[in-house]
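Q: I have a model open and would like to go through it with you. Could we take it piece by piece?

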Amino acid sequence: MKHLIKNGFAGFPYVDLVGGPTRLQRAENLEAMLRREGINAGIYLKRDDLMPLGEGGNKLRKLQYHLAAVLNNGQDTVITFGGVQSNHARLTAAACARLGLECHLVLSQQVDIRTDEFQSNGNPWLNRIYGASSHLLDRGTSPQAFAEILAERLSRQGKKIAVIPTGGSTPLGALGYAECAAEIAEQVKAAGLNVKNISMANGSSGTQAGLTAGWISQDKGSDIITGYAVMADQQDTLGTTTRLASQTLEFIGRGHLTDALSVNVDASQLGAAYGQPTPRMVEAVALLARSEGILLDPVYSGKAFAGLLEKLRSGMYGSGDDVIFLMTGGVPGLYAYQGALEESFLTQAVSPTGIQ
Ligand SMILES: Cc1ncc(COP(=O)(O)O)c(C=O)c1O
């Protein structure tokens, strides 16, 4: 199968998996609900959960650059990493299916939830449908060491191996979000918005780092971007994001990050640990589902949206201000959490002024 490789951000080769700009959608029902609480900001959703492949999501923007490099290098087999419920793994599986590449997923137990549905429904189920080979590691086995052995074995069979790091979060992958920054800037200009904040979840940091690099390379202040840490604590996430944003700027020949203060990371929504539900995440998922009919996910965007809601309720953004929430996908994860969350959702009552 022939695939068209085009020049993308800063002239780097990419293969189209996203299908053009995603929508910037106003959340009018949610705005109306929040107005009854005295919150008057404009709320916009950047719909990176709506893409024409693999259920969509932020990882496809990164994979556009990673997989163009794989095709250009003449490699035919991809190995990547993630947790059992990794969205990155599922989207890599889908993209490899589309591009005719063999896909191996090295999956580890990163979340202490052992229900059957967590182990096999949602993303791992879709991985199987997309035809990827999943290698589920016991706790304590190093994914990197396992991948090296696997790569050696596959090479001996004559396969040409490419290894994509966790979350695709390298300067090459981050280009996908540097490009998205330009897309958002254009949409904001066309709609005449007064954007005071762009919020998103931060896991392996490539999304926030790429967006930050893209924003800075347009000579805009990146302090309006807030990443909600859902995987590691504030200090670690800030360190990783700042480093990767700086490396991405260097990668595209735009210098490096000179001011660490231009990266905002908020870890207030992390809860007990990565992948562990929080009551505020449940409220956020229910609120957006019941006001707009749009799903967040329980691990990433649900926690990040809870953070944005908290900032809106604190009065940080007022009348005439607009905020953008980056919808990064991950909805298959909801199917893995039914047992853990069913009761919490049932007890979320909807009142005329919203969810209580
Ligand atoms: C649905 C979803 N949202 C957000 C993120 C966070 O993106 P990043 O790893 O680039 O920080 C992920 C990462 O796995 C994800 O799957």
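Q: Leaving out residues up to four places away in sequence, which residues does T212 touch?
A: T212 touches S222, I225, A245 and V263 when residues up to four places away in sequence are not counted, where contact means heavy atoms within 4.5 Å. Please keep in mind that this is a predicted model, in which local features need pLDDT of at least 70 and side-chain atom pairs count only at pLDDT 80 or more, whereas totals for chains, interfaces and linings use all residues. Residues are numbered from 1 along each chain as its sequence is written, and side-chain values use heavy atoms, with hydrogens and water left out.

Q: And is T212 buried or exposed?
A: T212 is buried, with a relative accessible area of 0%; buried means under 20% relative accessible area, exposed means over 50%, and partly exposed is in between, using a 1.4 Å probe and protein chains only. T212 lies in helix α8, and helices here are DSSP runs of H or I with at least four residues, strands being runs of E with at least two, numbered from the N terminus.

Q: OK, what about S246, where is that?
A: S246 is in helix α9, residues 234-251, and counts as buried at 13% relative accessibility. Setting aside neighbours within four places in sequence, S246 is in contact with G255, H256 and L257. Of these, H256 is 10 residues from S246 in sequence, and the two are 4.6 Å apart in space, C-alpha to C-alpha.

Q: Changing topic, how is the chain divided into domains?
A: The domain assignment gives domain 1 as 5-55 + 173-355 and domain 2 as 59-168, with bounds that come from an automatic or database domain assignment. The contact between them takes 42 residues from domain 1 and 35 residues from domain 2, and their centres, taken over C-alpha atoms, are separated by 24 Å.

Q: How much area do the two domains bury between them?
A: Domain 1 and domain 2 bury about 3,000 Å² between them, 59% of it on carbon and sulfur atoms. Buried area is the accessible area, with a 1.4 Å probe, that two parts lose on being put together, summed over both.

Q: How many salt bridges are there between domain 1 and domain 2?
A: The count is two salt bridges, each defined as a side-chain nitrogen of Lys or Arg within 4 Å of a carboxyl oxygen of Asp or Glu. E183 forms a salt bridge with R61, and the closest N and O atoms of that pair are 3.0 Å apart.

Q: Which elements give two or more residues to the side of domain 1 that touches domain 2?
A: They are β2, α7 (171-191), α8 (206-216) and α12 (338-346), and α7 gives the most, with eight residues.

Q: Last one: why is α3 described as largely enclosed?
A: Helix α3 is largely enclosed by the rest of the structure because 11 of its 13 residues are buried. The elements that cover its buried residues include β2 (13-15), α2 (59-72), β5 (77-83) and β6 (102-108). After α3 comes G100, whose phi is positive, near 75°.
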